[in-house]
Number of protein chains: 4
Amino acid sequence: MESFVPSQTIYEATLAILAQRNVSIRSIAEITKHLQDPYIPNLTIEMCEESIQHVLSKREVQNAILTGAELDMLAEKKLLSEPIQSIIESDESLYGVDEILALSILNIYGSIGYTNYGYIDKIKYGVLAELNNHSSKHVHTFMDDLVGAVAAAAASRLAHRHRTQLEEAASLANPPTP
Amino acid sequence: MESFVPSQTIYEATLAILAQRNVSIRSIAEITKHLQDPYIPNLTIEMCEESIQHVLSKREVQNAILTGAELDMLAEKKLLSEPIQSIIESDESLYGVDEILALSILNIYGSIGYTNYGYIDKIKYGVLAELNNHSSKHVHTFMDDLVGAVAAAAASRLAHRHRTQLEEAASLANPPTP
Amino acid sequence: MESFVPSQTIYEATLAILAQRNVSIRSIAEITKHLQDPYIPNLTIEMCEESIQHVLSKREVQNAILTGAELDMLAEKKLLSEPIQSIIESDESLYGVDEILALSILNIYGSIGYTNYGYIDKIKYGVLAELNNHSSKHVHTFMDDLVGAVAAAAASRLAHRHRTQLEEAASLANPPTP
Amino acid sequence: MESFVPSQTIYEATLAILAQRNVSIRSIAEITKHLQDPYIPNLTIEMCEESIQHVLSKREVQNAILTGAELDMLAEKKLLSEPIQSIIESDESLYGVDEILALSILNIYGSIGYTNYGYIDKIKYGVLAELNNHSSKHVHTFMDDLVGAVAAAAASRLAHRHRTQLEEAASLANPPTP
């Protein structure tokens with residue numbers, strides 16, 4: 001039988017790696033709130049945090065974060081071989097594997113998150129600005145894209161759930177005649 | 001406020017279009033069973049059908065099926081303009097929008113389904129052989145890829161759930177010491 | 001032997017459909033120029049137009065444009081069946097097939113274009129604002145995403161070629177010693 | 001100005017890593033030939049090798065191969081941190097980042113390659129069987145998917161070019177009347 005790492009271990013490792021890289025759930029939730037505020041009345045930061053917890057519970061999301069953060073940290077310690085060491089360390093503009101891993105996170109919640117991801121990645125909202133500060137000693141080539149994708153995926157999830165609530169409210173206001 | 005079609009209407013329309021195009025849930029489930037039989041002991045056709053019902057409840061999956069089936073039916077009635085009419089009607093080998101819609105279904109359940117999708121699409125398993133019978137008067141350029149993707153997505157979902165069950169069983173057999 | 005529509009016919013149909021939908025190559029080039037101006041000194045609108053012509057010569061791009069524009073036009077004439085008619089006509093926020101077709105255009109030039117696409121789609125730059133004017137009698141649910149993707153793909157192509165030119169210039173300034 | 005690794009260096013590193021991991025261009029070409037033999041009369045192994053050389057000249061393809069092979073080699077030397085070390089080393093069935101990198105290669109040549117990739121990955125054709133021999137001391141979790149994707153992308157490229165040749169031949173046989 002195939003041996004495997006328990007799911008709970010992988011989930012906890014994902015939370016640990018985010019903390020280790022100084023990315024709080026709150027800071028990701030602030031991006032999600034910025035994205036969805038115009039569309040969901042009375043959206044709270046707690047609702048955004050809860051949505052992010054759901055996104056982080058998905059195995060595909062964990063795989064992407066663990067893999068990307070590992071490459072960031074290895075590049076930081078100069079433990080990769082060349083030329084991939086220089087490419088990742090310098091956040092080379094023609095290197096797109098970080099965007100590819102980000103997309104694998106977005107896809108779990110469908111294509112409606114593509115636009116939000118591109119937008120916040122471009123304007124470097126909130127914690128994304130810190131992660132993109134290339135003068136720091138840290139390498140966050142993958143982490144900034146992963147965080148942006150988690151925030152956008154959580155926004156997509158909120159959009160789907162908000163629709164469900166609108167429909168339920170409409171149904172209560174106008175019950176179908178028997 | 002944006003008006004919108006109720007989710008339930010979209011879900012029911014998806015089931016109706018599959019029935020109208022002569023694709024039964026059972027026939028999709030048979031593909032899923034063929035894919036997962038080697039990996040899940042005692043897998044039943046009912047378990048596969050249930051997994052397919054879950055896949056079909058996702059909005060992204062409904063969007064892909066409704067859009068693809070509409071294009072198939074319009075091509076069948078020769079209601080598209082040229083050259084897209086000829087391209088879709090003849091299932092042109094360099095036309096890849098059908099595979100793109102299929103991928104949007106697979107992505108909801110992650111990348112582990114890509115291989116299964118490609119495999120059954122190539123060997124034309126079960127109902128896929130009928131859908132690919134180009135001598136019929138029907139156009140199924142999109143439907144065969146959509147059905148293959150739904151079957152492969154349901155297989156991915158079963159793989160994830162089987163893992164959860166194995167972990168629960170292992171946990172019961174070896175409870176963590178307090 | 002499989003019969004097929006000649007490539008030249010498909011290419012010309014793609015240009016014709018853009019013109020018919022009031023999208024000029026120049027207006028797409030203006031988006032591309034806005035995206036690449038900060039990175040490429042002396043970038044001209046003509047260079048952007050040439051890049052867009054290259055993007056439009058790819059079969060995958062033509063497939064996406066012809067399919068998306070066809071659905072827009074059918075929705076405009078109310079010729080689709082329900083519920084897909086209402087979904088496309090109202091540019092439903094949970095419908096993501098337009099973004100999926102856009103991604104298939106971007107992918108031809110790699111993942112570095114995802115961010116640019118999301119950004120301009122969000123800020124509705126230039127012609128995208130006109131295409132998004134939902135008070136017009138036209139349906140551009142697909143066209144705005146397709147145009148944004150073509151513009152972003154052309155920007156990716158320019159980024160790759162600019163790098164090649166920088167490398168050639170560096171090589172001339174510092175010829176390798178024999 | 002951004003410093004960068006010269007393109008030629010990245011290309012040569014890609015060829016070197018394939019050789020180092022015992023994957024010859026010829027062995028990839030044999031997969032491509034198997035895939036396209038039914039569709040292209042008189043297809044030679046040299047034509048397949050030439051197509052693979054073109055695929056390997058693309059930056060996105062190089063990025064995927066260098067990144068995936070690096071992770072394979074680090075896992076082989078047990079230099080990754082847990083749990084990603086165990087996940088990659090054991091080629092965990094729920095880990096899909098390898099398929100995601102494979103897809104980024106396929107996408108450069110469009111969606112028509114998805115099916116071919118899934119098929120050969122499933123049947124483990126040729127060199128893919130060796131790479132999947134989990135009893136060896138080598139880790140090829142990424143390499144087998146990357147090789148399959150390069151082979152399928154080269155097949156897509158041959159399909160596009162074969163069409164061009166058919167059209168040119170048809171044009172010579174039936175010249176347009178002036």
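Tutor: A residue is called buried under 20% relative accessible area, exposed over 50%, and partly exposed in between, with a 1.4 Å probe and protein chains only. Helices (H or I, at least four residues) and strands (E, at least two) are DSSP runs, numbered from the N terminus. This is a predicted model, in which local features need pLDDT of at least 70, side-chain atom pairs count only at pLDDT 80 or more, and totals for chains, interfaces and linings use all residues. Residues are numbered from 1 along each chain as its sequence is written, chains are lettered from A and ligands numbered from 1 in the order in which they are written, and side-chain values use heavy atoms, with hydrogens and water left out.

Student: How many helices and strands does chain A have?

Tutor: Chain A has nine helices and zero strands. Its C-alpha trace spans about 70 × 45 × 25 Å along the principal axes, and 59% of its 178 residues count as buried.

Student: Which residues of α3(A) are buried?

Tutor: They are I45(A), C48(A), E49(A), S51(A), I52(A), V55(A) and L56(A). These residues lie on the same side of α3(A), because they cover an arc of only 160° around the axis; the arc is that of the directions from the helix axis to the C-beta atoms.

Student: What does the buried side of α3(A) pack against?

Tutor: Contact means heavy atoms within 4.5 Å. The buried residues of α3(A) pack against α1 (7-20), α2 (25-36), α4 (59-76) and α9 (143-173) of chain A.

Student: How is the length of a helix judged?

Tutor: The expected span is 1.5 Å times one less than the number of residues. Helix α3 of chain A, residues 45-56, has 12 residues and reaches 16 Å from its first C-alpha to its last, close to the 16 Å expected.

Student: Is D144(A) buried or exposed, and which residues does it touch?

Tutor: D144(A), found in helix α9 of chain A, counts as buried because its relative accessibility is 3%. Leaving aside residues up to four places away in sequence, D144(A) touches D121(A), K124(A), L128(A), L131(A) and N132(A).

Student: Where is E70(D) placed, and which residues does it touch?

Tutor: E70(D) belongs to helix α4 (residues 59-76) of chain D and counts as buried, at 5% relative accessibility. With residues up to four places away in sequence not counted, E70(D) touches L79(A), L80(A), S81(A) and I84(A). The C-alpha atoms of E70(D) and F142(D) are separated by 9.2 Å, although these residues are 72 residues apart along the chain.
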